[in-house]
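Here are my notes on this model. Please read them with the coordinates open.

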Amino acid sequence: MLKLSRLVPSVSTSRDSLLRHSPAFSTSTNKYAAKGYSSNRIFAPYSVYKGKAAFSLSPILPTFTKLDSGAVVVDRRGSMMMVFMHAIGERKYDWENKQRFALSATEIGSLISMGPQDSCEFFHDPSMLSSNAGQVRKSLSIKPHANSNGYFISLNVVNNLLNTKDFLSVPVTTAEFAVMKTACSFALPHIMGWDHMTHQSGGTVGLKSKVEQPALDLEWDK
């Protein structure tokens, strides 16, 4: 479910906005592929580190299956993966216990189109069609600062099956958010697999035999 609205500023930031960030986002051809990625490209994540939490942003490319007939079908759709981590000390973050949120192409479009006073909120439930519907839910919200110089990016995870709740919030500056939107705009055609429409000689990204197992939904992997 997707919600896009206009907010009246109500929250301010001070010292959090003074903390550091570490941007890095690129695509380059290489024979090595990082775990969870579906091609021979390496993507350096764009990361923002703040006092209480941090997040990184990386594209997950789609994978395809080639049938005996020669047709190619989508095995797993691409996404923009956000990985959140709690701070456990000064400039130290809990890399073992992460929370993931995979933005779909439509959700990326909502993020890219946001203005200075816009907000958006996304809801994910891995069990919408099962008896566990609503038992594990994630919500990602992006809301503007009161002084319109940035945004709060917050992830809330409620797991009623394990009786756990987790909340992470990372304030970002206008410049950091502009980099996020630029990175998402650049990655969107690759996430949708459309970049290969103009690179036919390069083959199909993530192409594999139909006898292999389908890729897991990386957002819910542990």
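1. Confidence by element. Helices (H or I, at least four residues) and strands (E, at least two) are DSSP runs, numbered from the N terminus.

2. A contact means heavy atoms within 4.5 Å. Residues 200-216 also stay under 50, with 35 contacts beyond four places in sequence. The protein chain as a whole averages 75, and 68% of the residues score at least 70.

3. Ground rules. This is a predicted model, so local features need pLDDT of at least 70 and side-chain atom pairs count only at pLDDT 80 or more, while totals for chains, interfaces and linings use all residues. Residues are numbered from 1 along each chain as its sequence is written, and side-chain values use heavy atoms, with hydrogens and water left out.

4. Strand β12 (residues 150-159). Nine of its 10 residues are buried, so β12 is largely enclosed by the rest of the structure. Buried means under 20% relative accessible area (1.4 Å probe, protein chains only).

5. Partners of β12. Strands pair if DSSP finds at least two bridges between them. Strand β11 (residues 136-144) pairs with β12 in the antiparallel sense over nine bridges. P144 has Y151 of β12 as its bridge partner. Five residues separate β11 and β12 in their hairpin, and S148 in the turn has a positive phi of about 60 degrees. On pairing with β13, β12 is again antiparallel, over 10 bridges. There S154 stands opposite S169. The β12 and β13 hairpin has four residues between the strands; N163 takes a positive phi near 55 degrees.

6. L103. This residue lies in strand β9 (residues 92-103). L103 counts as buried because its relative accessibility is 0%. Beyond four places in sequence, its contacts include M80, I108, F122 and L140. The C-alpha atoms of L103 and F122 are 8.6 Å apart, with the two residues 19 apart along the chain.

7. E107, worth a look. E107 sits in helix α1 (residues 105-112). Not counting residues up to four places away in sequence, E107 touches F101, A102, F122 and H124.

Terms used
pLDDT is the predictor's confidence in each residue, from 0 to 100. Buried means under 20% relative accessible area, exposed over 50%, partly exposed in between (1.4 Å probe, protein chains only).
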